[in-house]
Amino acid sequence: MAKSKGRLTLPSERNFLAQTQELLDRWGADAIRDSDGTKLEEAVKDLDASIYTTYFVARNHNDFIKDHMEECQQLYLMSPFHTASQESLAIDFMQGYYREQVVPDYHHDPKEWWEVINRTTGQVVPSSQWQVDQERDLVLVEGAEPFHEYTVSFLVYKIWDPTQMYNHITNNWGDSVAHDIPFDVRQPHSNRFMSDYLRRWCQENPKTDVVRFTTFFYHFTLVFNDKAKEKFVDWFGYGASVSPAAILAFQEAKGYRLRPEDFVDQGYYNTAFRVPSKAYLDYVDFQSHFVAQEAKKLVDIVHEAGKEAMMFLGDNWIGTEPYGPYFKDIGLDAVVGSVGGGATLRMIADIPHVKYTEGRFLPYFFPDTFYEGNDPTIEANENWLTARRAIMRKPVDRIGYGGYLSLAYKFPKFVSYIEEVADEFRDIYAIVKDTKPYVGLKVGILNAWGALRTWQTHMVAHALHYKQIYSYLGILEALSGAAVEVIFLSFDQVIADGVPEDVDVLINAGDAGTAFSGGQHWARPELLSAIRRFVYQGGGLVGVGEPSAYLQNGRFFQLAEILGVDKELGFSLSTDKYFTQAQGSHFITADLEAGQDPDFGESMHNLYALSEETEILEYSNGEVHMAAHDYGQGRGVYLAGLPYSIDNTRLLMRALYYAAHKEADFNKWHSSNPAVEVHAYPAKGKYAVVNNTAEPQVTTVYDGQGISQEVSLAASEIQWEEI
């Protein structure tokens, strides 16, 4: 690779000028940034690079908010379940919460804004039957039903920003760093302050080229327990943007009033896995519109000062979802986000309505990774190889790192490796940007959220590994670097407009009852008929986990007749199931080595074939885990789970091509070795053969005409060839 420069952002800090200049040259960086907990010295700002400065709109201003504590941000929380053993019940509603993060809101009348619910009956307890003991933080219920369970839904003020709290604990800042108190820009004093302060700040920071908003107003839902550990985290949650003022404004805009239950949601807090209610979707829309309007004011101030406005995709990003209807109105120049792998990279790279995007690669230069005896190069290599697959399809415009540069500098091997990564990224970008790669299929991901959560299904926080997630998130990870075009469709969209004509295959994946499988959406006949029509007329359907699962009318999988399988719930055990013979060979399983068992992750149990027409591809322990089935002119394919791996990526691609009846096209721009992928760019007259592993690989490569040649690649190598 040739030594190049640009498209990389370097973190720096005080008393690190010479080393910053050294790495600026070695890594070819053209921008320097601060991080949460670091500041740039003036001499660093004079280096030959753009200066990014982190800007907190609604935190890091304790001098202001301490005079207006009634304008702190708020959220609804729910107490633990409490069982009444007699007619009187005392509920310690703050039990299990971290009092340095949240405190009860007694400024607003609890009788108006709180709810006590009998969770055995689901009924709201009249406010006349309970009182609040503010000195002991108790709710005292009278007339309770013995041995019924009760909860309190209550408002709190947030008195410590969750991200700063996390960084505070992770980096052992101790008492030397004050706790940032977040304020609510929907409130009058806070709203005036946010604009006035930014104007002054822009004048006082003439060397700042890019204002990096982290992010705007409301932090995603992150609540800590009484041990200062994360209790609940939902990267997509809107619950931390609620307040009496917001509820009253919502009532005026939408014509009805929200309840506390609309936010606590039985204790699930409207996690993205819940099928969203109309009230919650209305609130997301309402709050996004408000945030876009207010954020635009700040972006306009930045532009008036001759600077660029960049948004961090995380932290306080409620209401700024980049695939939502109001994002374009903010007028941002750029978005930067943390890259956990291919799916998160595509989530950033595909963002519309900005001039450029930037990925913050891992690991962060924090002491939890950069410590004596550890090799951070291992994580960096894994992160780069998984993200690079996605870059080959749709690159971000810039890459960068965050944290303490002084920590990274202590690891020469790591420093050298990032030097290689930076050069390779720039080489790829020069070819791949602004050209459409070869696409073999168009795939639609079908769930309750649709395009609003593009590349974001089955995530809780930045693609971290969670139980009941990794078996599905692997689908997005596989697709992020595959030679397919991916769109995201909601059930409502399919009902209104049908499946787009250019879609080859639909994927419905998730556990029963979740937003991703669909839950009660499958009770809608118009949805079922639309999908059946699509497949019958030649489309494909790939179902993973419990697709179309909703128990009614003698089916659990409502599209069982397409997939060829259904799940036994115990109701039809008396019906014999004769179809248990797996096929010896099949197009979908052709790349599995002899005797190799597919990896279905957590898998699904008790699946059975409906008829002899179902092609059983894997059968073990008395159940089906993989199958295919013809339906009219189309096909269905079922998989019990699909965690990300090289082999599962190939398995998914074969399943998609088979479902689409396009097996004949599979060997176009193709590698026989699943560890190697081929990306073709016809408009540029080039194609790349990419080794996605840290080991040497040998493969047979097929070009766009299916003509083959053998290729050997070094560890992680990319070979560029002319078409």
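## A guided tour, stop by stop

The structure holds 0 disulfides. This is a predicted model, so keep the confidence colouring within reach.

Stop 1: Select Cys72. It has 1% relative accessibility, under the 20% cut-off, so it counts as buried. Now select Cys202. At 6% relative accessibility, Cys202 counts as buried too.

**Stop 2: strand β12.** Select residues 149–158, which make up strand β12. How many of its 10 residues are buried? The count is 9, so the rest of the structure largely encloses this strand.

Now bring in the partners of β12, one at a time.

- Show β4, residues 74–78. It runs antiparallel to β12, and 5 bridges join the two. Pick Leu77 and you will find Phe154 of β12 opposite.
- Show β5, residues 82–83. It pairs with β12 over 2 bridges, in the antiparallel sense. Here His82 stands opposite Tyr150 of β12.
- Show β7, residues 102–104. Its antiparallel pairing with β12 covers 3 bridges. Val103 has Tyr157 in β12 as its bridge partner.
- Show β8, residues 115–118. It is joined to β12 by 4 bridges and runs antiparallel. Val116 has Val152 in β12 as its bridge partner.

Strands of a sheet pair through them, either parallel or antiparallel.

**Stop 3: an open sheet.** Select β31, β34 and β35. These 3 strands form an open sheet in the order β31-β34-β35, with antiparallel pairing. Which strands are at the edges? They are β31 (670–671) and β35 (708–713), each of which pairs on one side only. Zoom in on β31 and β34, the latter spanning residues 697–702. Their antiparallel pairing runs over 2 bridges. Look for Ser671: its bridge partner in β34 is Val701.

**Stop 4: aromatic rings.** Show the rings of Phe, Tyr and Trp. The count comes to 48 aromatic pairs. Take Tyr536 and Tyr631 from among them. Their rings sit edge-to-face, 5.8 Å centre to centre, with 80° between the planes. Tyr536 belongs to helix α16 (residues 525–536) and Tyr631 to strand β29 (residues 623–631), so the pair ties together parts 95 residues apart in sequence. Colour by accessibility. Tyr536 counts as exposed, at 51%. Tyr631 counts as buried, at 17%.

Next, select the ring cluster. Ring pairs link Tyr55, Phe64, Phe183, Phe193, Tyr197, Trp201, Phe213, Phe216, Phe217 and Tyr218.

**Stop 5: salt bridges.** The structure holds 46 salt bridges.

First, select Arg136 and Asp133. Their side chains meet in a salt bridge, at 2.7 Å from N to O.

Second, select Glu602 and Lys467. They form a salt bridge, with the closest N and O atoms 2.9 Å apart. Glu602 lies in the loop between β26 and β27, and Lys467 in the loop between β20 (441–447) and α14 (470–480), so the pair ties together parts 135 residues apart in sequence. Glu602 counts as partly exposed, at 25% relative accessibility. Lys467 is exposed, with a relative accessible area of 65%.

Third, select Glu561 and Arg532. The closest N and O atoms of this salt bridge are 2.5 Å apart. Glu561 sits in helix α17 (residues 560–563) and Arg532 in helix α16, so the pair ties together parts 29 residues apart in sequence. Arg532 counts as partly exposed, at 27% relative accessibility.

**Stop 6: a surface patch.** Switch to a surface view. Select Leu551, Leu569 and Phe571. They make a nonpolar surface patch of about 330 Å². Where is Leu569 found? It is in the loop between β26 (565–567) and β27 (607–609). At 35% relative accessibility, Leu569 counts as partly exposed.

How values were computed: Residues are numbered from 1 along each chain as its sequence is written. This is a predicted model: local features need pLDDT of at least 70, side-chain atom pairs count only at pLDDT 80 or more; totals for chains, interfaces and linings use all residues. Side-chain values use heavy atoms; hydrogens and water are left out. A disulfide is a pair of cysteine sulfur atoms within 2.5 Å. Buried means under 20% relative accessible area, exposed over 50%, partly exposed in between (1.4 Å probe, protein chains only). Patches are made of residues with over 30% relative accessible area and no salt bridge: like charges are joined within 9 Å, nonpolar side chains (Val, Leu, Ile, Met, Phe, Trp, Tyr) within 5 Å. Accessible areas come from the Shrake-Rupley method with a 1.4 Å probe; for residues, only the protein chains shown count as cover. A salt bridge is a side-chain nitrogen of Lys or Arg within 4 Å of a carboxyl oxygen of Asp or Glu. Two strands pair if DSSP finds at least two bridges between them. Rings of Phe, Tyr and Trp (its six-membered ring) pair if their centres lie within 6.5 Å; planes under 30 degrees apart count as stacked, over 60 as edge-to-face and the rest as tilted.
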